[in-house]
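This report describes the fold of each chain and the contact between the chains. The sequence and structure come first.

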Amino acid sequence: MTAQLNARSIVVALVVAGLALLPLYSSISGNVFVLTLFTRIVIFALAAVSLNLIMGYGGMMSFGHAAYLGIGGYAVGILAFEGIGSGFIQWPVALAASALFALVIGALSLRTRGVYFIMITLAFAQMAYYVASGLARYGGDDGLTIYKRSDFAGLVNLSSRVQFYYVCLGCLFAGIYLVWRIVNSRFGLVVQGVRSNEQRMQAIGFHANRYRLVCFVIAGTMCGLAGALLATNTDFVSPSIMYWTRSGDLMVMVILGGMGSLFGPVIGTIVFLVLEESLSQITEFWALIMGPLLLLIVLFGHGGIDGWLGRLRRG
Amino acid sequence: MADALLSVKNLCRRFGGIVATDDLSLDVVRGELHAIIGPNGAGKTTLISQLTGQLLPNTGTIHFADQDVTRLPAYRRSALGLARSFQITSLLKDFSAIDNVALAAQAHDGHSFRFWGKARAEPHLRKAAMAALERVGLGQRADTVVSELSHGEQRELELAVALAAKPQMLVLDEPMAGLGVTESARMVKLLQELQREVTIVLVEHDMDAVFALADRITVLVYGRVIACDVPAAIRQNAEVRRAYLGDQQVATHG
C-alpha cells in the first residue's frame with residue numbers, strides 16, 4: 001500500500017505519534033492513569049495484531065486466542081515464583097511455550113473448517129483455562145502474584161512505568177512490522193491465497209495446511225509475548241486472563257478495527273478499551289451501551305474502522 | 001500403451017448407490033490432445049477430479065509419468081506437472097490477475113516458507129506470470145482484481161494459471177463453458193497453439209471445438225468408456241451416435 005495523504009494514513013500517523021509521546025504527556029500533566037491505561041491498550045493491541053494475522057490474513061477464526069495470553073503470562077509468573085527471575089530465561093520460555101501450544105492445537109484444529117474450527121479452538125482455550133485453575137501450587141483460581149518483575153541485567157528496568165511502556169510499544173511496533181513483512185512475503189501470499197480459495201491453492205501445488213499451521217504458530221507466539229507483558233503489567237496472572245470472553249474481546253478488537261488491515265487492530269483495541277473504560281465510569285451497565293455500539297460498527301462499517309477510513313478518501 | 005503419459009486402470013468411484021466412475025480405463029499418450037465427452041452426468045468432472053487428486057477413487061490405479069499417483073494429494077500431483085483448470089471458475093477472487101498466476105509460478109519454484117522478502121518484487125516470478133498472461137491475451141489486464149474481470153477473461157486466466165506451473169499435462173474442465181461465440185473461437189485458437197507444447201486432457205461440451213481440436217476422443221456414458229478413437233471414427237460410431245450425439249441432435253432439433 002502506498003503512503004498517500006488520506007484519512008487512513010493521517011489517523012495512523014496521529015496514533016503512532018500519540019502513542020510514542022504519551023509518557024511525555026503523562027509526566028507533564030501528572031496524569032499517571034492514562035499511562036497505565038495505554039500500557040494495557042498497547043499490550044492488547046499486540047495480541048489483536050497477532051490474532052489479525054491468522055483471522056484477517058489467514059481466514060482462521062480462532063476463538064481461543066486468549067489462551068496464549070495465559071500461557072505467556074503463566075510462563076513468566078511460574079518461573080518468577082520458582083525463583084528464576086532472569087528475563088532472558090522467562091521471556092524465551094514464554095514464547096517457546098506459546099509456540100508449542102499453538103503447534104499442538106493448530107495441528108489438531110486445522111483439520112477442521114468454519115464453525116468447527118471456531119469451536120475446537122474455543123475448547124482448547126477453555127481446557128487451558130481449567131488446567132490453570134487446577135494449578136494449586138500456583139494459586140489455582142485465585143491466580144499468582146508476581147513479586148518481582150523480570151530482570152534484564154540492567155538493560156531495561158521493567159519496574160519503571162515509562163520504560164515498561166516503551167518496551168510494550170516497541171514490541172507492538174515490531175509485531176506490526178513483522179506482520180507487514182510476512183503478509184507481503186511468499187509465505188504471506190500463500191496464506192492469503194488459501195484464505196481466498198483453498199482448493200485452488202492445493203491444485204496449483206501448495207500443501208495448504210502446512211502454511212496455515214506455521215502461520216498459526218507465529219500468531220500464537222506473538223500473543224504469548226503479549227501475555228508475558230500483560231502479566232508483568234499487572235504483576236499478577238490468573239486463569240481469567242484466558243477465559244473465553246477474553247478471546248471474544250480480542251476478536252471484537254480485530255473486527256472493529258478492520259480484519260486484514262495492518263494497523264486496524266491497533267485502532268480497534270484503542271476504541272474498544274477506551275470505550276470500555278469510559279463507559280464503565282458512567283454506569284455499571286456499560287456493556288448495554290457497548291454491545292449495540294459495536295453491533296452498529298460491525299453491521300454498517302464494512303471492514304471495520306479501517307475500512308471506513310479507507311472510504312473517506314473518496315467520499 | 002507404450003508412451004502413455006497418463007494411464008488409468010479399472011478406476012471406480014461410487015457416491016452412495018451411484019457409480020460415477022465404473023471400471024474405467026484410459027490412456028493419454030504424450031503429446032496428444034485427448035478429449036473426454038459424454039452427456040450430462042456421465043462422470044466427466046468426477047473422472048478428472050480423480051486424475052488431479054481432488055477426489056480419491058474407491059478402486060483402480062492412476063499412473064502419471066510412470067509413477068503411481070492414485071493416492072497422492074493434489075498438491076503433490078501438481079508438483080509432478082499435472083495442472084488443471086476448473087469447470088466453475090476457481091480463482092483467488094480478491095487477488096489481481098497477475099498475483100493469481102505468479103502464485104502458480106511460485107508453487108513450482110521451491111518452497112514458500114520465506115517470510116521476509118517481498119514476493120511481488122521477485123522479478124522471475126513476475127516475468128513468468130506476465131508471460132503466461134500474455135500467452136492467453138490478458139497482458140493488459142495484469143493488475144485487475146479477478147472479481148472485476150469478465151467471465152471470458154476469467155476463463156482465460158484459469159488457463160494462464162495452469163500454464164504458469166509449466167505442466168507436462170493440462171487437464172481442462174470445460175474451458176469454453178459460458179463463453180460467447182468470439183470468446184470461444186479465441187479459446188479454440190489458443191488451445192490449438194498450446195496442444196503443440198503440452199499434453200492436454202480436455203472435457204468439453206462444445207462439439208465443434210472438440211472435433212476441431214482433439215487427436216483422440218473418449219466417450220463416457222454413465223461412468224464407463226463406450227468408445228475411444230480418433231474424431232472421424234467417433235463420428236461414425238453407431239453406439240456413440242445413439243448414446244450421445246443422437247441425443248444432442250434430438251435436443252437441438254426438438
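## The sheet of chain B

The model is predicted. In chain B, four strands form an open sheet in the order 2-1-4-5, with antiparallel pairing. Its edges are strand 2 (18-29) and strand 5 (67-68) of chain B, each of which pairs on one side only.

Strand 1 (residues 4-15) of chain B runs antiparallel to strand 2 of chain B, and eight bridges join the two. Within this pairing, B:A4 stands opposite B:V29 of strand 2 of chain B. Helix 1 (residues 44-52) of chain B packs on the sheet and touches strand 1, strand 2 and strand 4 (59-64) of chain B. The direction of helix 1 of chain B makes about 60 degrees with that of strand 2 of chain B.

## Overall form of chain A

Chain A has 13 helices and two strands. Its C-alpha trace spans about 55 × 45 × 40 Å along the principal axes. The radius of gyration of chain A is 19 Å, which agrees with the value near 20 Å that a compact globule of 315 residues would have.

Of the 315 residues of chain A, 50% count as buried. When contacts in chain A between residues at least 6 apart in sequence are taken, 76% of them join residues at least 24 apart.

## A helix pair in chain A

Helix 2 (residues 32-57) and helix 9 (residues 208-234) of chain A pack with their axes 8 Å apart, at an angle of about 170 degrees. Because angles over 145 degrees count as roughly antiparallel, helix 2 of chain A is roughly antiparallel to helix 9 of chain A.

On the side of helix 2 of chain A, the residues in contact include A:T39, A:R40, A:I43, A:L46 and A:A47. On the side of helix 9 of chain A, they include A:C215, A:F216, A:I218, A:M222 and A:N233. By class, the contact between helix 2 and helix 9 of chain A has 16 nonpolar, three polar and one charged residues.

## Contact between the chains

The contact takes 20 residues from chain A and 29 residues from chain B. On the side of chain A that touches chain B, the elements giving two or more residues are helix 6 (161-184), helix 7 (186-196) and helix 8 (198-203) of chain A. Helix 7 of chain A gives the largest share of that side, six residues.

The side of chain A that touches chain B has, by class, eight nonpolar, nine polar and three charged residues.

Technical notes
Residues are numbered from 1 along each chain as its sequence is written. Chains are lettered from A and ligands numbered from 1 in the order in which they are written. This is a predicted model: local features need pLDDT of at least 70, side-chain atom pairs count only at pLDDT 80 or more; totals for chains, interfaces and linings use all residues. Two strands pair if DSSP finds at least two bridges between them. Two residues are in contact if their C-beta atoms, placed from the backbone, lie within 7 Å. Axes are lines fitted to C-alpha atoms, for helices over the stretch in contact, and angles run from 0 to 180 degrees between N-to-C directions. Angles under 35 degrees count as roughly parallel, over 145 as roughly antiparallel, 65 to 115 as roughly perpendicular and the rest as oblique. Ala, Val, Leu, Ile, Met, Phe, Trp, Tyr, Cys and Pro count as nonpolar, Asp, Glu, Lys and Arg as charged, and the others, Gly among them, as polar. The radius of gyration is taken over C-alpha atoms; the globule rule is 2.2 Å times the number of residues to the power 0.38. A residue is buried if 20 or more other C-beta atoms lie within 10 Å of its own, exposed if 12 or fewer, and partly exposed in between; C-beta atoms are placed from the backbone.
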